[in-house]
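Colleague: Could you take me through this model? I would like to begin with the strand pairing and then turn to the rings.

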Amino acid sequence: AGLVVPLAGQGSGRLVMFADMALFSGNGMPRNCYTMNRYKVGEPVGFRVTVVDGSTGQPAADSEVVVHLTYGGKTEDVPARYRGAGRGNLIPNLWTAKWTVPAGAPTGVVGVSITAKDKSGRMAEWKPFPNAASHLTIVNE
């Protein structure tokens, strides 16, 4: 869920993105892939992203996907990994990125945007819905 903003590029059609956040606590853990937006220091935030070539409806597997996080006066870029190939991870049209909330990170809302750029130069940006209650939030409780 969120807002997709197609940006200019040279290819035909547009890139279309979808994304969500989930707890990436690890395979076999009871809350792994549990969708949530409130995290404590040390908890692993997972970003699951889909990028589609709007002209074909097919996965845009050649896209480079990066999660941009803004908190405590700085921005951190976390590259996402395409899961559709290699090491038995054949999940078509899925990129994932994992960010563990660092010690000392201030509580409050973390700005999140995700960008994708394919080899043709087409780009798209994803941002969460404007309601801050659904945004990534670092909490103490």
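Modeller: Strand S5 (residues 44-53) pairs with S9 in the antiparallel sense over six bridges; strands are DSSP E runs of at least two residues, numbered from the N terminus, and two strands pair if DSSP finds at least two bridges between them. This is a predicted model, in which local features need pLDDT of at least 70 and side-chain atom pairs count only at pLDDT 80 or more, while totals for chains, interfaces and linings use all residues. Residues are numbered from 1 along each chain as its sequence is written, and side-chain values use heavy atoms, with hydrogens and water left out.

Colleague: Which residue stands opposite Thr100 in S9?

Modeller: That position is taken by Pro44.

Colleague: And what is the order of the strands in the open sheet?

Modeller: The five strands run S3-S2-S5-S9-S8, with antiparallel pairing. S3 (34-35) and S8 each have a single partner strand, so one side of each is left without a neighbour in the sheet.

Colleague: Now the rings. How many aromatic pairs are there?

Modeller: There are two. Tyr71 and Trp99 form a tilted pair, 5.2 Å centre to centre with 55° between the planes; ring centres of Phe, Tyr and Trp (its six-membered ring) must lie within 6.5 Å, and planes under 30 degrees apart count as stacked, over 60 as edge-to-face and the rest as tilted.

Colleague: Are Tyr71 and Trp99 buried or exposed?

Modeller: Both Tyr71 and Trp99 are buried, meaning under 20% relative accessible area, with exposed over 50% and partly exposed in between (1.4 Å probe, protein chains only).

Colleague: What about Tyr82 and Trp95?

Modeller: Tyr82 and Trp95 also form a tilted pair, at 4.7 Å and 50°. Tyr82 counts as partly exposed because its relative accessibility is 23%.

Terms used: Helix = DSSP H or I, 4+ residues; strand = E, 2+ residues; numbered from the N terminus.
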